[in-house]
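I opened my notebook to look up a few things in this structure, one entry at a time. Come along and check each entry against the view.

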Amino acid sequence: MDVKMASEVGGRGEQLSSLALRCAERLSVPFGAFYRELVAPRIYEGRSMPDARRIPSHGTVDGMLQAADMWVKAMNSLLNRSDLRRATLLSWRQSLGPRALVRTHRAWCPVCLHEFASHGRAVYEPLVWRVSDVVVCPYHCVRLEVQCPYCGRGRQPSFGAFARVGCCRGCGKWLGRLIPDESTSIGELDMFFSSAAEDALSLSNVSDDIDLISSDVAVCALREVFFCGSSAQMGRALGLLQRQVGFFADGTYPAPLQLFVRASYATGATMEQIFVTNKFDAEGSARKKPHFEIYRSGLRRRQLASDLVMRLNDALADEGKLSVGAVAEGLNITATTVWRRERELASRLARMHAEFMGREAQAQKEKYQAKVNAFMTACATRGITPTRTQVDVECGGDGRISSYWKREIIKAAMARVLLLAQGTKTQ
Ligand SMILES: [Zn+2]
Ligand SMILES: [Zn+2]
């Protein structure tokens, strides 16, 4: 399949989920079918595929965690490429803290979408719209939208059975419009942040295996060059606590994108200097003395805490279909974080999920057994003796009979048919 990644250079490269949607459109199939037939088999290659093969609604395939990794592999294999990491934030694993970096739901600039479509260019959704602190479009000075103006659907997932690029996940309407409904005033910092995020992404967009400087090294370099090596001074200038700067500098935690953007704003260092060259122009940096609000992860932490409890309770109410890991991925945090924060709920969910998987496995076995028995009986009446491989293929398997229980079911069915045949002979 020949689907080009939109905008191959610059900071407006395409997000992987957008590319996947366009592939389905190119093949003129609903996204659900595309996922089932072409993506899922590649994601679950060599492992048993969940029976339902529903499109995962959790996890951000454009981010830097496991879901992104799996989708990159699958899409690379499907499109016969090797460079789709750059359609995600995977290259930033060492350089940016994953917490709250990626939006779990869609955001879009309606004017950008309108322009893509009206200039006959490929309609796509840029990766930068996935960065959660990017709230405005620097080209059109409008806020990114997160809610459909027609049906009001917010918190839109990347994928759905009939999802299309640039269209609402609720009503399916095209989201590109020339003039957004209302324009609230847009702060200089928000504009700066969006441009800086694009500058940063332009580093990883061009090449797949760019070696970005890791978070602690970058923080130390900035502290050294612009703040006399003092965490206190750097903290004061960037609205961070001295202790936070210390943790980021010694690599206890990777620093958030906020820190680097604030540093860039205050010192004039470019994203390329911070993450690629580490060579700064300290002389020419007669810089703004901005006043940043103290950066606290507290607000986000409270938001995350309530989201987490909600999601865990939802998962519990849903009979444990989702695992703790899946809930974690849905919020772009690690499973360990979930366990640390909500041990009681997590352990209840883990038990419930195990039971759910047990029931699923049992149901799957019973279904398989019924199919095998029906097929064997049909063969017997026609006097045919199929091979085990034929039986498995006929009953929905791939002929490899990889699991023990399949072998046992087939063996039992064959024995039963043989017994019946002997029974009729001796009569
Ligand atoms: Zn725009
Ligand atoms: Zn809608």
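I started with helix α14, residues 343-381. Helices here are DSSP runs of H or I with at least four residues, strands are E runs of at least two, and both are numbered from the N terminus. The expected span is 1.5 Å times one less than the number of residues, so the 39 residues of α14 should span 57 Å. I found its end C-alpha atoms 57 Å apart, which agrees.

**Ground rules.** I noted that this is a predicted model, where local features need pLDDT of at least 70 and side-chain atom pairs count only at pLDDT 80 or more, while totals for chains, interfaces and linings use all residues. Residues are numbered from 1 along each chain as its sequence is written, and chains are lettered from A and ligands numbered from 1 in the order in which they are written.

**Along α14.** I looked up which residues of α14 are buried, and they are L345, A346, L349, H353, V372 and M376. Buried means that 20 or more other C-beta atoms lie within 10 Å of the residue's own, exposed means 12 or fewer, and partly exposed is in between, with C-beta atoms placed from the backbone. K371 also lies in α14, and I noted it as partly exposed because 18 other C-beta atoms are within 10 Å. Not counting residues up to four places away in sequence, K371 touches C395 and G396; touching, or contact, means C-beta atoms, placed from the backbone, within 7 Å. K371 and K406 are 35 residues apart in sequence, yet their C-alpha atoms are 12 Å apart. After α14 comes G383, with a positive phi near 75°.

**Whole protein.** I listed 16 helices and two strands. The C-alpha trace spans about 105 × 50 × 40 Å along its principal axes. Of the 427 residues, 37% are buried. An automatic or database assignment gives the domain bounds: domain 1 (1-205), domain 2 (213-296), domain 3 (298-357) and domain 4 (358-426). The centres of domain 2 and domain 4, taken over C-alpha atoms, are 66 Å apart.

**Cores.** A nonpolar core is a set of buried Ala, Val, Leu, Ile, Met, Phe, Trp, Tyr and Cys residues joined through C-beta atoms within 7 Å. Which members of the largest core, of 82 residues, touch the most other members? I found L16, A20, W71, M75, L144, A197 and F260. Domain 1 and domain 2 each give this core at least three residues. Another core lies apart from it, with 13 residues, including A328 and L345.

**Two helices crossing.** The axes of α1 (residues 16-26) and α2 (residues 31-43) come within 9 Å and cross at roughly 100°. Axes are lines fitted to C-alpha atoms, for helices over the stretch in contact, with angles from 0 to 180 degrees between N-to-C directions. Angles of 65 to 115 degrees count as roughly perpendicular, so α1 and α2 are roughly perpendicular to each other. A20, L21, C23 and A24 of α1 meet F31, F34 and V39 of α2.

**Positive phi.** Most residues other than glycine have a negative phi. C228 is not a glycine, but its phi is positive, about 50°. I located C228 in the loop between α6 (215-226) and α7 (231-238). E319 has a positive phi too, near 60°, and sits in the loop between α11 (298-317) and α12 (324-330). Is E319 buried or exposed? E319 is exposed, because 12 other C-beta atoms lie within 10 Å.

Terms used. Parallel < 35°, antiparallel > 145°, perpendicular 65-115°, else oblique. Contact = placed C-beta atoms within 7 Å.
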